[in-house]
Amino acid sequence: EWKTSKKYYLDLLKKEICLSYNYSIDLVEKFFNIIPMEEIDEFFKSNETPRPLTIRINSIRNGEENFQNNLRNMGIQKIFEEKLLNFAGIIKRKNIRLGKNPEFLAGYFTLQGLSSFFSVIALDPQKGERILEIAAAPGGKATFISQIMENTGICIANDKNKSRLNSLVSTIHRLGIENSIVTNFDGSFFHYKMKGFDRVLLDAPCTGTGIISHDERIKLHKINSAILINTTLQKRLLISAIDSCKINQEKKGYIVYSTCSILIEENESIIQYAVEKRNVKIVKTGLSFGIPGFVKYKNEIFNKKMHFCRRFYPHIHNVDGFFVCKLEKNK
């Protein structure tokens, strides 16, 4: 029968992908539930291709008029004129050694994946605000927040892992950031330490299913166990992020949740949990591109505003797989 035949050929295709690209069958099953069938081949091929190497131009250090010319001479090209994304550049030249580059060492620019711009743009930091990044190392997003605020206000860059703080502090100093305070607390309990932030960014630890092109070990992870461990932590961190954010009649508080995973269990399901546990609502991210979040998955119905979330895929956007959601805290 056709139904039996269709399942038979689907199973054959999944096994072929596992053999050809060295994936676990459980992870392939997850991807087949998310990616449309007509895009499956391009998706798995895109995970075999490295993403373009991109940088962020640091406007705090960038005072020299000839810096743009220096970028071109180094083989770095600006790729956007849109606000905030205009700080992004793509490295065209091969075998460029940034570690010995004077402009890099002086903090005129820093390496940063294009997808990590998106959560900061959605956060929309304003001058003079108190902002928290709850899992900040190695510091790309935290320093971008300070750059947008032009070193005004306060940006708390927290990370639980003490061994990662050296790279975080080093990045802050190299880029000329003066409004950051580095803390070393467990993000799950951060709201017991400090509260009253205007905006909170949580780029949550995850399975990394959006960055397989960087780390092929993810292909063979015991994905179901990894999901269970990560989603438990993600829920705790997001609730702490919401509780750390202030709310008053004059100004609303905002929380941005992001991951480098494309799995629904780590994204829409986590947002749904937060919406049910706290008085928050999903609002538009302000990103003009990306795929809307899932409103329905299998038998699970999500909040009707889940389509405000944004998903990014390597085979469509040529960036790391990424998810962004913005929440507004209500009384």
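The buried residues of helix α10 pack against α9 (223–244), β9, β10 (280–283), β13 (300–301), β14 (310–312) and β15. Contact here means heavy atoms within 4.5 Å. Helices (H or I, at least four residues) and strands (E, at least two) are DSSP runs, numbered from the N terminus. This is a predicted model, where local features need pLDDT of at least 70 and side-chain atom pairs count only at pLDDT 80 or more, while totals for chains, interfaces and linings use all residues. Residues are numbered from 1 along each chain as its sequence is written, and side-chain values use heavy atoms, with hydrogens and water left out.

Which residues of α10 are buried? They are Glu268, Ser269, Ile270, Ile271, Gln272, Ala274 and Val275. Buried means under 20% relative accessible area, exposed means over 50%, and partly exposed is in between (1.4 Å probe, protein chains only). Seven of the ten residues of α10 (residues 268–277) are buried, so this helix is largely enclosed by the rest of the structure.

Now the neighbour α9. Two packed helices are described by the angle between their axes and the distance between the axes. For α9 and α10 the angle is about 45° and the axes are 10 Å apart. That makes α9 oblique to α10. Axes are lines fitted to C-alpha atoms, for helices over the stretch in contact, and angles run from 0 to 180 degrees between N-to-C directions. Angles under 35 degrees count as roughly parallel, over 145 as roughly antiparallel, 65 to 115 as roughly perpendicular and the rest as oblique.

On the α9 side, the contact is made by Thr231, Gln234, Lys235, Leu238, Ile239 and Ile242. On the α10 side, Ile270, Ile271, Tyr273, Ala274 and Lys277 take part. Two of these residues come up again: the charged end of Lys235 sits over the ring of Tyr273, 4.9 Å from its centre. The rule for this is that NZ of Lys or CZ of Arg is within 6 Å of the ring centre and within 35 degrees of the ring normal. Elsewhere, Arg174 lies over the face of Phe104, at 4.2 Å from the ring centre.

Arg174 also brings us to Ala106. Leaving aside neighbours within four places in sequence, Ala106 is in contact with Arg61 and Arg174. Ala106 lies in the loop between α5 (102–105) and β4 (109–111), and is partly exposed, with a relative accessible area of 31%. The C-alpha atoms of Ala106 and Asn62 are separated by 9.8 Å, although these residues are 44 places apart along the chain.

The contact is made by Ser116, Phe117, Ser119, Val120 and Leu123 of α6 and by Lys141, Phe144, Ile145 and Ile148 of α7.

Next, aromatic pairs. Rings of Phe, Tyr and Trp (its six-membered ring) pair if their centres lie within 6.5 Å; planes under 30 degrees apart count as stacked, over 60 as edge-to-face and the rest as tilted. How many aromatic pairs does this rule give? The count comes to 18. The rings of Tyr8 and Tyr9 have centres 5.2 Å apart and planes at 70°, so this pair is edge-to-face. Both Tyr8 and Tyr9 are exposed. Tyr257 and Phe323 also form an edge-to-face pair, 6.5 Å centre to centre with 70° between the planes. This pair links distant parts of the chain, with Tyr257 in strand β9 (residues 253–259) and Phe323 in strand β15 (residues 322–329), 66 residues apart. Tyr257 and Phe323 are buried. Ring pairs also link Tyr21, Tyr23, Phe31, Phe32, Phe43 and Phe44 into a cluster.

Last, some backbone details. Most residues other than glycine have a negative phi, and most peptide bonds are trans. Asn22 is not a glycine, yet has a positive phi of about 65°. Asn22 lies in the loop between α1 (2–21) and α2 (25–34) and, at 46% relative accessibility, counts as partly exposed. Lys298 has a positive phi of about 55° and is not a glycine either. Lys298 is in the loop between β12 (296–297) and β13, and is exposed, with a relative accessible area of 56%. The peptide bond from Ala137 to Pro138 is cis, with omega near 5°. Pro138 is found in the loop between β5 (130–133) and α7.
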